[in-house]
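Morning, everyone. Please look at the structure on the screen while I talk.

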Amino acid sequence: MLDIQKYLRLEMFPHMLCPGCGHGIVLGALLRAIHSLKLSQDEVVVVSGIGCSSRLSGYVDFDTLHTTHGRPLAFATGIKMARPELTVIVITGDGDGLSIGGNHLIHAARRNVGLTCLLLNNEIYGMTGGQAAPTTPLGKISTTGPTGPFETPFDSCRLVEAAGASFVARGITYEPATLEKLIVAAIQNPGFSFLEIISDCPEFFGRFNRMGNPADQILAQKQNVVDAKTAATLPPERLKGKMLTGILHHEPRPEYAASYQESIAQMGAQAR
Amino acid sequence: MESPATQNVLIVGVGGQGVLLASDILGTVCLGRGYQVKKSEVHGMAKRGGVVYSHVRYGTQVLSPTIEPGTSDVLLAFEPAEALRWSKYVKPTGTVIVNTQKRIPPAACQDRRPDALTRYPRGIEQALRSQIEDVRRFDAETLAFELGDLRMCNTVLLGALSRVCEFSAEEWLAAIEKSVKPRTAELNRRAFLAGRSVEFPCAEEPQAEELVFEKREAARDEAPFIEIRQNWCKGCEICVRVCPQNCLVMNGSKLAEVAKAETCIRCMLCEWLCPDLAVSVH
């Protein structure tokens, strides 16, 4: 039996996340995925921005970087360019990744940098007190939208796919075993891998929207999603208002850091 | 008056194994000799692996269609536990032919832990040997499977039965051809001959079954151990709600606590879904 404690900075525990916060489940799945890939702790770099999700980098015993708001992908790109052999994992949230760092996200996807980006989507800004995020669904209550936002939320997977990521998937915290497999597949993809993980915020999103206790909220997750493979066989009316999970797009293409090294080698040969 | 030379054959198995077709074929063989044949069977339990049996009695004059306990000459059992169930019908000098592949009924495996012991009877072979002189065990299902179709198991067993009955192989093969679908006739013929050529006692390790039980018993002693780090737990209740076996409860201070680890099936849901990484299942 795997003891994930060896990957943790035990002095930081118990962590600061609220009771029932889905981010902790993602942390467990990420550690099990890294363990199953047999990566050493020195080969993995975890980079994060600002927000609840971004706190996770502080709890893991890898090389970690807790960066400025919205910029983890920029820092991570730098790491990957300098040390292409490292496995660079970016943990970001829906606010951090899609609004403050939205431009970094689409350009990292466009370049196909060899990063694994886990976007933990809890549909709200949790750390600052429950403001509406770019992913808050229509009609869902937040502190800045007491009657619910009237802006259409981002479908981050379609956004990143359109921007050119070579691997796009979506998981939910209620399915930790599937989530672990998706993380493994994302890390194994050489190019930019984007994995959106639907997480829960019982403290703000759940409380404002009367979703019951954390257990009620996580058990309800399953109602809003359909597996992408199953969805292909269902009529469109059955998919209304549902999110697709599983691997949504996988099309390998040249990775940025590797292409860069190749180009250097070519230019060096020409100069000689 | 019933002829004293009337032969009794009891064919037993579980639903779907082909007990009734086998008894029909035996009946056809007997009719071919000009014997009177009477059959009595219970079916309808066929779905879900229920008990199916068929009494076959043949001779120059047969009055009753059922076999009295302790009077059957042959017991042809498609399943070991069924052999044990019906063994009291067999004469001490009779013959039992048993397929060694088990069908464990759902009621015998309600313990859902991976290494759980089933309540399937043990020591079947010894019990049979203590009651009946001639016990012939062999793995008819594997033989049938190797021939190309698991469903040929009943024909393989008929082949073994043919060694203790008075009829010739030709009579059997003619009856089989008459009873089965034409496209399976050739396969059935080969299955019958394969079953007929099995020599007893055939090479097998009677100890293997007991060894498996011993291994499982040892595994059972290592009951799962659920560890909850109380100082990490924040009382979100997720583990308590997702546990399919209700192993966990919320205690007075609103933290998760192990109530009964012994029913744990190691599904790992509590460990994987704990947002505080506070639960470990060892």
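Start with A:V45. Not counting residues up to four places away in sequence, A:V45 touches A:D63, A:I79, A:L86, A:T87, A:V88 and A:I89. Touching, or contact, means heavy atoms within 4.5 Å. A:V45 is in strand 1 of chain A, residues 44–48. Helices (H or I, at least four residues) and strands (E, at least two) are DSSP runs, numbered from the N terminus. Is A:V45 buried or exposed? A:V45 counts as buried, because its relative accessibility is 6%. Buried means under 20% relative accessible area, exposed means over 50%, and partly exposed is in between, with a 1.4 Å probe and protein chains only. Now a distance. A:V45 and A:P134 are 89 residues apart along the chain, and their C-alpha atoms are separated by 27 Å.

A word on the source. This is a predicted model, where local features need pLDDT of at least 70 and side-chain atom pairs count only at pLDDT 80 or more, while totals for chains, interfaces and linings use all residues. Residues are numbered from 1 along each chain as its sequence is written, chains are lettered from A and ligands numbered from 1 in the order in which they are written, and side-chain values use heavy atoms, with hydrogens and water left out.

Stay in chain A for one peptide bond. A:F13 and A:P14 are joined by a cis peptide bond, with omega about 0°. A:P14 sits in the segment before helix 1 (23–36) of chain A.

Next, the pocket. Rolling a probe the size of a water molecule over the atoms shows where empty space is left. The grid here is 1 Å, over the protein atoms alone: a cavity is a set of points where a 1.4 Å probe fits but cannot get out, and a pocket is an open set with protein on both sides within 12 Å along at least five of seven lines. Lining residues have an atom within 4 Å of a point. Grid points are joined across faces, edges and corners, and a volume is the space filled by probe spheres set on the points. What is the volume of the largest pocket? It is about 830 Å³. The largest pocket is lined by 34 residues, and the closest to its centre are A:E123, A:N224, A:G241, A:K242 and A:M243. Several elements of chain A each supply at least two lining residues: helix 5 (156–163), strand 5 (167–172), strand 6 (193–198), helix 8 (214–220) and strand 8 (243–250). Helix 5 of chain A gives the most, with 4 residues. By class, the lining has 15 nonpolar, 9 polar and 10 charged residues. Ala, Val, Leu, Ile, Met, Phe, Trp, Tyr, Cys and Pro count as nonpolar, Asp, Glu, Lys and Arg as charged, and the others, Gly among them, as polar.

Over to chain B. Chain B has 10 helices and 10 strands. Of its 282 residues, 47% count as buried. Take the contacts in chain B with a separation of 6 or more: residues 24 or more positions apart account for 64% of them.

Now a helix pair. In chain B, the axes of helix 6 (residues 169–179) and helix 7 (residues 185–196) come within 10 Å and cross at roughly 145°. On the helix 6 side, the contact is made by B:A169, B:W172, B:L173, B:I176 and B:E177. Helix 7 brings B:A185, B:N188, B:R189, B:F192, B:L193 and B:R196. These residues divide into 7 nonpolar, 1 polar and 3 charged. Axes are lines fitted to C-alpha atoms, for helices over the stretch in contact, and angles run from 0 to 180 degrees between N-to-C directions.

B:R189 of helix 7 is partly exposed, because its relative accessible area is 37%. B:T155 is in helix 5 of chain B, residues 153–162. B:T155 is buried, with a relative accessible area of 3%. Leaving aside neighbours within four places in sequence, B:T155 is in contact with B:I176, B:N188, B:A191 and B:F192.

Last, two backbone angles. B:K254 is not glycine, yet its phi is positive, near 60°. B:K254 lies in the loop between strand 8 and strand 9 (256–258) of chain B, and counts as exposed at 63% relative accessibility. B:M268, also not a glycine, has a positive phi of about 70°. B:M268 lies in the loop between strand 9 and helix 10 (269–273) of chain B. B:M268 is buried, with a relative accessible area of 10%.
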